[in-house]
Amino acid sequence: MRDKRLVVRVTEYELLQLQQEADNRGVSNSDVVRAWIAQLPKPTENTTSD
């Protein structure tokens with residue numbers, strides 16, 4: 001269940017990069033970010049979350 005929100009400030013250029021990648025994949029900006037996050041290492045047990 002997705003109940004957490006992430007707010008990230010980006011430059012105009014970075015936003016254009018993200019939007020172009022999302023358009024190329026036919027998905028939303030959020031889907032591109034989630035796909036990137038899914039490639040990160042699994043968190044360790046002592047990692048805290050808000």
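The model is predicted, so local features need pLDDT of at least 70 and side-chain atom pairs count only at pLDDT 80 or more, while totals for chains, interfaces and linings use all residues. Residues are numbered from 1 along each chain as its sequence is written, and side-chain values use heavy atoms, with hydrogens and water left out.

**Exercise 1. State how many helices and strands the protein chain has, and describe its dimensions.**

Step 1. Helices (H or I, at least four residues) and strands (E, at least two) are DSSP runs, numbered from the N terminus. The protein chain has two helices and zero strands.

Step 2. The C-alpha trace spans about 35 × 20 × 20 Å along its principal axes.

Step 3. The radius of gyration is taken over C-alpha atoms, and the globule rule is 2.2 Å times the number of residues to the power 0.38. For a compact globule of 50 residues the radius would be near 10 Å, but the protein chain has 13 Å.

**Exercise 2. Determine what share of the residues is buried, and describe the accessible surface.**

Step 1. Buried means under 20% relative accessible area, exposed over 50%, and partly exposed in between (1.4 Å probe, protein chains only). Of the 50 residues in the protein chain, 4% are buried.

Step 2. Accessible areas come from the Shrake-Rupley method with a 1.4 Å probe; for residues, only the protein chains shown count as cover. The surface comes to about 5,200 Å², and 51% of this belongs to carbon and sulfur atoms.

**Exercise 3. Identify the elements that give two or more residues to the lining of the largest pocket.**

Step 1. A pocket is an open set of points on a 1 Å grid over the protein atoms alone, where a 1.4 Å probe fits, with protein on both sides within 12 Å along at least five of seven lines; lining residues have an atom within 4 Å of a point.

Step 2. Of the 16 lining residues of the largest pocket, L6, S30, V33, R34 and I37 are the closest to its centre.

**Exercise 4. Classify R2, L15 and Q39 by their accessibility.**

Step 1. R2 is in the segment before α1. Its relative accessibility is 68%, so R2 counts as exposed.

Step 2. L15 lies in helix α1. Because its relative accessibility is 28%, L15 counts as partly exposed.

Step 3. Q39 is placed in the segment after α2. Its relative accessibility is 67%, and therefore Q39 counts as exposed.
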